[in-house]
Amino acid sequence: MLLDQVRHLTESPVFGNIGAGAGLITYALADEGLSGYAVEPDSEMFVVGQRLGRAYPAVSWINASGEHTGLAEASLDWVCYGMSFHLTNAREALRESMRILRPCGFFTIATIFADLETDPFQLETENRIRDMAPALRRARTPLIGQMGMSEALLNQYLGNCISLATTEAVSMSEESYVVLVREA
């Protein structure tokens, strides 16, 4: 749905995946015919993303933070944070995003929360973690609170925000998961 909205803006949208990690979202967008940038602050993850991305000439990698991407002003149609916005200084990252976005550009924050209410596997995993490390502070609760703050901040900067939520399950064999984790 987001991709369709961005494509209404221009025939050849240019994206910036900020906090790109190993490039999973970046390469999914490239597979859809988009070109753009993967901005990753962690040097080791940056190297992994570049290595995995040799087959994607439409993607350029930049070793930089979301607060200072190094991208040109008004150079992107879509700024996307996939599981990384909460790791930035939100105000500085938004200021930088507004600088690099073209007029009428799109800004997306994607976050995945484990289903700790109905998914037996997730519940068992969390219970085992709690048993092994009872004092461990999990990121989920503070992250949910931060997303609410981010939405208010986005409305302040953009004035027209939409919050979408969906439930999705991705079936994956143990072998596929191990390969994915090993590659990242």
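**Salt bridges, ring pairs and parallel strands**

Glu 124 is partly exposed in this predicted model, with a relative accessible area of 39%. This value lies between the 20% limit for buried residues and the 50% limit for exposed ones. Arg 128 has a relative accessible area of 52%, so this residue counts as exposed. The two side chains form a salt bridge, and their closest N and O atoms are 2.7 Å apart. Both residues belong to helix H5 (residues 120-132). They are four residues apart there, about one turn of the helix.

A search of the whole structure finds four salt bridges. Another of them joins Asp 77 to Arg 102, with 2.9 Å between the closest N and O atoms. Asp 77 is part of strand E4, whereas Arg 102 is part of strand E5 (residues 101-110). The pair therefore ties together parts that are 25 residues apart in sequence. Asp 77 is buried, at a relative accessible area of 4%. Arg 102 is partly exposed, at 31%.

A salt bridge is also formed by Glu 96 and Arg 99. Here the closest N and O atoms are 2.8 Å apart. The two residues are three apart in helix H4, so about one helical turn separates them. Glu 96 is buried, with 8% relative accessibility. Arg 99 reaches 31% and counts as partly exposed.

Aromatic rings were examined next. The whole structure holds six aromatic pairs. In one of them, the ring centres of Tyr 27 and Tyr 56 are 4.4 Å apart. Their planes meet at 20°, so this pair is stacked. Tyr 27 sits in helix H2, and Tyr 56 sits in the loop between H3 and E3. The pair thus ties together parts that are 29 residues apart in sequence. Tyr 27 is buried, at 7% relative accessible area.

Phe 46 and Trp 61 make an edge-to-face pair. Their centres are 6.0 Å apart, with 75° between the planes. This pair links distant parts of the chain, with Phe 46 in helix H3 and Trp 61 in strand E3, 15 residues apart. Phe 46 is buried at 13% relative accessibility. Trp 61 is buried too, at 14%. Ring pairs join Tyr 27, Phe 46, Tyr 56 and Trp 61 into a cluster.

Strands E1 (residues 14-18) and E2 (residues 35-39) are parallel and share five bridges. Phe 15 has Gly 36 as its bridge partner in E2. From E1 the chain passes through helix H2 (residues 24-31) to E2, in a right-handed β-α-β crossover. E2 also runs parallel to strand E3 (residues 59-62), with four bridges between them. Gly 36 is paired with Val 59 in E3. A right-handed β-α-β unit is made by E2, helix H3 (residues 43-52) and E3.

Ser 84 lies between strand E4 (76-82) and helix H4 (90-100). Its relative accessibility is 7%, so Ser 84 counts as buried. The Ser 84 side chain reaches the backbone oxygen of Ile 18 at 2.7 Å. Apart from neighbours within four places in sequence, Ser 84 is in contact with Ile 18 and Gly 19.

How values were computed:
Residues are numbered from 1 along each chain as its sequence is written. This is a predicted model: local features need pLDDT of at least 70, side-chain atom pairs count only at pLDDT 80 or more; totals for chains, interfaces and linings use all residues. Side-chain values use heavy atoms; hydrogens and water are left out. Buried means under 20% relative accessible area, exposed over 50%, partly exposed in between (1.4 Å probe, protein chains only). A polar contact is a pair of N or O atoms within 3.5 Å; within protein, one must be able to donate a hydrogen and the other to accept it, and residues adjacent in sequence count only if both atoms are side-chain atoms. Contact means heavy atoms within 4.5 Å. Two strands pair if DSSP finds at least two bridges between them. A crossover is right-handed if, with the strands pointing away from the viewer, the path from the first strand over the helix to the second runs clockwise. Rings of Phe, Tyr and Trp (its six-membered ring) pair if their centres lie within 6.5 Å; planes under 30 degrees apart count as stacked, over 60 as edge-to-face and the rest as tilted.
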